[in-house]
Amino acid sequence: MGKQKILVIGAGGQLGSELTQGLWRLHGKENVVATDIKDAEGILAEGNFEILDVLKRDAFTSFIQKNKFTQVYHLAAVLSATGEKNPGFAWHLNMDGLLYVLDAAVEYKIEKVYWPSSIAAFGPTTPKQNTPQDTVMDPTTVYGISKQAGERWCQWYHEKHGVDVRSLRYPGLIGYKTKPGGGTTDYAVDIFFQALSEKKYECFLKPDTYLPMMYMDDAVKATLDLMEAPAEKIHVRSSYNISAMSFCPEEISAEIKKHIPDFNITYKADFRQAIADSWPRSIDDSRARADWGWQHRFGLPEMAADILKNLPEYLAAY
Ligand code: VAH
């Protein structure tokens, strides 16, 4: 593989800010261009950053043509809860944004494209436990519908145009370097910020709502491992199931209490409960483990300890 030049679209988001740092470590800061529709904040400002709106198609395509990127990580998307409040824009960004990237990959022969799918592509009739790689998918959110359709488009562009596009069906991602971004699983992000600042948290899901989750460090490693794997090992061109753990609000609260004994959680379920109830409880990711050696490292205790150790210092620094 020759000299790499990497573009990250939506670098300012929850995944983007940490994946960009992983790309700096792998390829060198000078070879990564992080972009978003608003100015860089926090650690992102320490690398190459430009304002870029993937939906401004002509300007986006010219940017791709001028910079001769070898890889594009397209992360810009509206998440599940926010998408239900603005379905038209969620479909426009999540669907048209992906198609503009895939068309640019064909036209300018971009070597590799990464696009995130989600367990939100599954729905209420999908088997809930150990959800298989290939199964019924009847998503009930605009976000989930866009992820299911996006997976089909990724496979189509690979088969019809040879685009080396790769994808992961992320579970709920938990990180501490950005505030929650409008996801249904983001209770498990916000709870840490609230536990440290207020020692209490009002959860918008019921205490026994089990969902597949993953620590951001594992999500970044899975993404880079997938993208660095030889093409002949990638047998799934829609999107790979990956998983690390499943937990419910009651369990993450108990884990936080081990570090902050007087932390208190209350529950007030809202519209996001119905979204969570439509998703799997646990995921079978044996195909990813077999094809390219996926292996998670963080369970709930390790994740909670790592976040509560690092978050205070990170908040003080940024
Ligand atoms: C959301 N964090 O809640 C995202 C994720 C599985 C959920 O895709 O919308």
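This section describes aromatic ring contacts in a predicted model. Local features require pLDDT of at least 70 and side-chain atom pairs pLDDT 80 or more, while totals for chains, interfaces and linings use all residues. Residues are numbered from 1 along each chain as its sequence is written, and side-chain values use heavy atoms, with hydrogens and water left out.

The structure contains eleven aromatic pairs (rings of Phe, Tyr and Trp, the last by its six-membered ring, with centres within 6.5 Å; planes under 30 degrees apart are stacked, over 60 edge-to-face, the rest tilted). One of them joins Y73 and Y114, which are tilted because the ring planes stand at 35 degrees, with centres 5.9 Å apart. This pair links distant parts of the chain, Y73 being in strand β4 (residues 71-74) and Y114 in strand β5 (residues 112-114), 41 residues apart (strands are DSSP runs of E, at least two residues; helices are runs of H or I, at least four; both are numbered from the N terminus). Y73 is buried at 0% relative accessibility, and Y114 is likewise buried at 0% (buried, under 20% relative accessible area; exposed, over 50%; partly exposed, in between; 1.4 Å probe, protein chains only). Ring pairs link Y73, Y114 and Y170 into a cluster.

Y215 and F298 form an edge-to-face pair, 4.7 Å centre to centre and with 70 degrees between the planes. Y215 lies in strand β11 (residues 211-215) and F298 in the loop between α10 (286-292) and α11 (300-317), so the pair ties together parts 83 residues apart in sequence. Y215 is buried at 1% relative accessibility, and F298 is buried at 15%.
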